[in-house]
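Student: I have not seen this structure before. Please take me through some parts of it by question and answer.

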Amino acid sequence: MQKLLYGAAYYDEYMPYDRLEQDIQMMKKARINTVRIAESTWSSYEPKEGVFDFSHVERVLNAMEQAGIGVIIGTPTYAIPPWMAKAHPEILAVTAKGRNLYGPRQNMDITHPAYRFYAERIIRKLLEKTAHRKCVIGFQLDNETKYYDTAGKNVQEKFVKYLRLKFHDDLDALNREFGLDYWSNAVHAWEDFPDVRGTVNGSLGAEFEKFRRTLVEEFLAWQAGIVKEYCREGQFITHNFDFEWRGYSYGLQPDVNQYQSARHLTVAGADIYHPSQSRLTGLEIALGGDIARSLKGGNYLVMETQAQGYPDWTPYKGQLRLQAFSHIASGAGSVLYWHWHSLHNAVETYWKGLLSHDFEENETYLEACQVGREFEKLGGHLINLEKKNDAAILLSHEALTALKWFGIKASAAGHGDLEYNDVVRFVYQTLFHMNVECDILWPESENIESYKAVIVPALYAVPDSLLERLCQYVENGGRLFVTFKSAFANENVKVSHKIQPHILTKCLGVKYNQFAFPDKVRLSGSVLENAADSDLDSAQSAKDFMELLTLQGAQPLAVYEHSNWKGYAAITRNDYGKGSAYYMGCMADEAVLRNVFTRLFKEAGIFLPPEYEAGVAVKNGVNQEARNVHFYLNYSDKECHVPYIYKPGADLLTREAYGNGARMRLSPWGVRIVEES
């Protein structure tokens, strides 16, 4: 990247009147240097089958080229035009609820041959008009692609072929591995294979979801292959991966294997949305950024993030700026808002862009102007930021899917659902509050051994080979942390019939064969010191789920204080070979996990920053001039004073100099960026 990309999605097709020239003037004032176009408007470009009209695209390209603004072309394949649904209703995906109706986006079967025919045609027609243009800097494949729960006959047939290949045409092996004898589900002829939408077998259901994730990878690889035919040198290919959605970007996206799919891109991209106003913490920006950065081991693009967004996201003064630099601090090379203007019709009318419905300047737009000026001024210091972290979290789509089938469900008073991403966020949030930065690993990652500490949340379904690798990692001197619900089933969600937690027992030094929902179960032990919050009972209690650990050489760091469960360990540490491994057999308060991590990181030789005021996050990187850069981010409405603990440097924003030990003032929702001298 030559500069930080700063901009927004722009839709000339949606405008109530012609204001392209005015918009460009306002973009120039905001120092916007990039717009993303075209991904949402297939029906405008092909209003009738085989009739093409790219006049909106061409007029935008002409204007942006003249203004010196770069353009990212999105392939418009995620929302099909009405004529296609009318002519080929079979393109609409068949899901567990039946065949989709036309209207919503992403309602099609991405594998259907007719859909692929029309999609390839519109991609090629669009790229013929755009790829050669000077202002076109890159391409976005589709939009937040997933498998959209497609499960029609053709998908079922592909799945059976997939299973035949996986099990070498051996139905007995499939029945045995998936436990299909139960409730008479065993299949004895491939032609009798049932519709998987009705299965109650978790192994089969999880395998079907894994298979459908491969459809997404194949779809993106197919599009990338087409786009590469038109690419000039220097143009990038990306995709805007999203995350599990709980009203905002919450955790690992279950319907796409992003790590595998990113292999077909030249640079990873992400759409990151988050709570705002008093609920802005920076957590979602950091987690989404760490996942995106780790997909290809380098800088990534923020293709969408909020400007005003929902009414409860309208940012306070200073927040838009704080959010923008938060993305850069995680290694992003761009901040692109969704979107430039607010819509006057349709389902997202009140998901507001930089401009409100009146197109006038507003506080969010004026703050975006400040961000644009600072990006332009400081971009050379912040672009291509390199992140070097000593700790990593291992994430798994297979574990996520398996715990959808066999997670911790609400089955006792006071116990709600606890899902895979809840455990991931519990772990990540603790690291975030400790200001310990991390990378993300996947089961396929080749660089696990390069980290001083590896953290493994709820790795429920996992092949033996990875468990052996983790044990070897510890034996060779690594530091491992594992939570409950790990190493319980293999990659086919078949529970081990041996000791639990299976192979990891070797390095963890514990075993268990019973678990329960805690009911007024207190914890005691060395990791409970200073772990109490205002609610002592809550801080020192097991929560949601508990495994009854028996020591097999490990030392207990916490035990259960309960008349019935006394004698069982809750949190343990074990020496194994040259390294050590920690196990957390229950959910607990964040303060307890913080104490465990403090011990782990000290053993691993990982730097622990001082305790900052609540809401202050510190992130670090090395810029292309090989200088260390330190971001101080204040996610609170209070003025903070924090110590500067690094080598002497100067704030890139104010040019104030700081020496080691100096006190730094952070304004509410404020930012400081210190580059070492």
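Student: Are Phe484 and Phe545 buried or exposed?

Tutor: This is a predicted model, in which local features need pLDDT of at least 70 and side-chain atom pairs count only at pLDDT 80 or more, while totals for chains, interfaces and linings use all residues. Residues are numbered from 1 along each chain as its sequence is written, and side-chain values use heavy atoms, with hydrogens and water left out. Buried means under 20% relative accessible area, exposed over 50%, and partly exposed in between, with a 1.4 Å probe and protein chains only. By that rule, Phe484 and Phe545 are both buried.

Student: Tyr644 and Tyr658 have rings with centres 6.2 Å apart; is the pair stacked, edge-to-face or tilted?

Tutor: Rings of Phe, Tyr and Trp (its six-membered ring) pair if their centres lie within 6.5 Å; planes under 30 degrees apart count as stacked, over 60 as edge-to-face and the rest as tilted. The planes of Tyr644 and Tyr658 stand at 40°, so the pair is tilted.

Student: Where do Tyr644 and Tyr658 lie?

Tutor: Strands (E, at least two residues) and helices (H or I, at least four) are DSSP runs, numbered from the N terminus. The pair ties together parts that are 14 residues apart in sequence, because Tyr644 lies in the loop between β29 (640-643) and β30 (649-651), and Tyr658 in strand β31.

Student: Which strands stand at the edges of the open sheet of five strands?

Tutor: Two strands pair if DSSP finds at least two bridges between them. With antiparallel pairing, the sheet has the order β27-β28-β33-β30-β31. One side of each edge strand is left without a neighbour in the sheet, because each has a single partner strand; the edges are β27 (616-622) and β31 (657-658).

Student: In β16, what is the bridge partner of Ile393?

Tutor: β14 and β16 pair in the parallel sense over three bridges. Ile393 is among the buried residues of β14, whose faces are both covered. Its bridge partner in β16 is Ile455.

Student: Over which ring does the charged end of Arg425 sit?

Tutor: A charge sits over a ring if NZ of Lys or CZ of Arg is within 6 Å of the ring centre and within 35 degrees of the ring normal. The charged end of Arg425 is 4.3 Å from the centre of the ring of Tyr250.
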